[in-house]
Amino acid sequence: MLIDSHCHLDRLDLTAYNGCLDSALQAARERGVGHFLCIGISVENAPVMRAFTQRYADVDCSVGVHPLDLSRGSEPTMQWLLDELDHPGVVAVGETGLDYHYQSETAQMQQDSFRLHLDAARECGKPVIVHTREAKQDTLDVLREAALPQAGVMHCFTEDWPMAKAALDLGYYISFSGIVTFRNADALREVALQVPSDRILVETDSPYLAPIPHRGRPNFPEYVVDVAKFVAELRGVDYAEFAAQTTENFKRLFPLARVAG
């Protein structure tokens with residue numbers, strides 16, 4: 001079995017599936033994807049995340065506010081986060097983090113929100129899902145300051161090995177998306193070779209970042225198989241072994257997830 005550890009089911013372009021999310025998920029299941037973690041990005045979409053977990057036994061979710069969504073909707077509060085995190089099916093905090101590529105002018109707002117999410121993670125004991133882009137040092141500084149006792153994940157990792165090593169030293173897992181398959185991603189592939197086998201995850205981040213050979217088209221959870229096969233071959237391990245390893249890693253990181261088996 002394989003797990004898509006990060007997808008946005010509420011944002012999928014379902015044209016190819018006649019507008020039916022059930023069909024998109026079934027296509028993934030038929031390729032061996034047995035579980036999906038659907039990621040919250042705003043106060044407004046949290047009820048949708050919870051609804052997915054009630055509708056599908058193989059979907060769990062997170063709740064949080066993405067750094068780029070802080071200026072687009074309602075701001076999170078500690079009470080809102082803790083209330084949402086108390087729902088069954090909500091197994092993680094986030095995604096949260098820092099993104100200076102698009103909104104460097106909101107850096108302080110992002111850092112305040114990041115710290116709030118980390119405080120909520122400490123309070124509830126659930127792992128945190130971290131987004132970082134062009135904010136390497138600040139991201140690591142905030143994570144070190146928080147010093148969470150439980151692990152989290154650096155999702156859709158695109159940074160260098162020194163950052164990966166620093167995150168691993170703090171207890172975080174590293175998750176790779178379709179970006180690792182891109183032709184200009186040699187440096188990222190070097191990171192994918194070095195991450196310990198018990199700390200690696202795979203994801204789609206769908207509907208974004210479709211892996212080769214689907215690049216340029218909408219991304220779907222079923223394509224996590226293409227990401228996993230690519231990374232397994234890169235690391236010189238059998239695909240079935242890699243799928244089993246990443247599944248075990250996911251279950252260890254997200255112990256409340258309703259993963260079968």
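Let's start at a helix end. Asp 160 caps the N-terminal end of α7, with a side-chain oxygen 3.1 Å from the backbone nitrogen of Met 163. A word on the source: this is a predicted model, where local features need pLDDT of at least 70, side-chain atom pairs count only at pLDDT 80 or more, and totals for chains, interfaces and linings use all residues. Residues are numbered from 1 along each chain as its sequence is written, and side-chain values use heavy atoms, with hydrogens and water left out.

Helix α7 covers residues 161–169. Helices here are DSSP runs of H or I, at least four residues, strands are runs of E, at least two, and both are numbered from the N terminus. Which residues of α7 are buried? Met 163, Ala 164, Ala 166, Ala 167 and Leu 168. Buried means under 20% relative accessible area with a 1.4 Å probe, protein chains only. Those buried residues pack against β5, α6, β6, β7 and α8. After α7 comes Gly 171, with a positive phi near 100 degrees.

Now β5, residues 128–133. Five of its six residues are buried. β4, residues 90–99, pairs with β5 in the parallel sense over five bridges. Pairing takes at least two DSSP bridges between the strands. Thr 96 stands opposite Val 130 in β5. On to β6: β5 and β6 are also parallel, over two bridges. There, Val 130 has Met 154 as its bridge partner. The chain runs from β5 through α6 to β6, a right-handed β-α-β crossover. Right-handed means that, with the strands pointing away from the viewer, the path from the first strand over the helix to the second runs clockwise.

Next, the loop between β5 and α6. Glu 134 sits there. What does Glu 134 touch, leaving aside its neighbours within four places in sequence? Tyr 100, His 101 and Glu 159. Contact means heavy atoms within 4.5 Å. With His 101, Glu 134 makes a side-chain to side-chain polar contact at 2.6 Å. A polar contact is an N or O pair within 3.5 Å, one able to donate a hydrogen and the other to accept it. Glu 134 and Thr 158 are 24 residues apart in sequence, and 9.8 Å apart C-alpha to C-alpha.

Last, the largest pocket. 20 residues line it, and His 66, Asp 99, His 131, Arg 133 and Asp 205 lie nearest its centre. A pocket is an open set of points on a 1 Å grid where a 1.4 Å probe fits, with protein on both sides within 12 Å along at least five of seven lines; lining residues have an atom within 4 Å of a point. β5 gives the most to that lining, with three residues.

Note on methods
Buried < 20%, exposed > 50% of the residue type's maximum accessible area, 1.4 Å probe, protein only.
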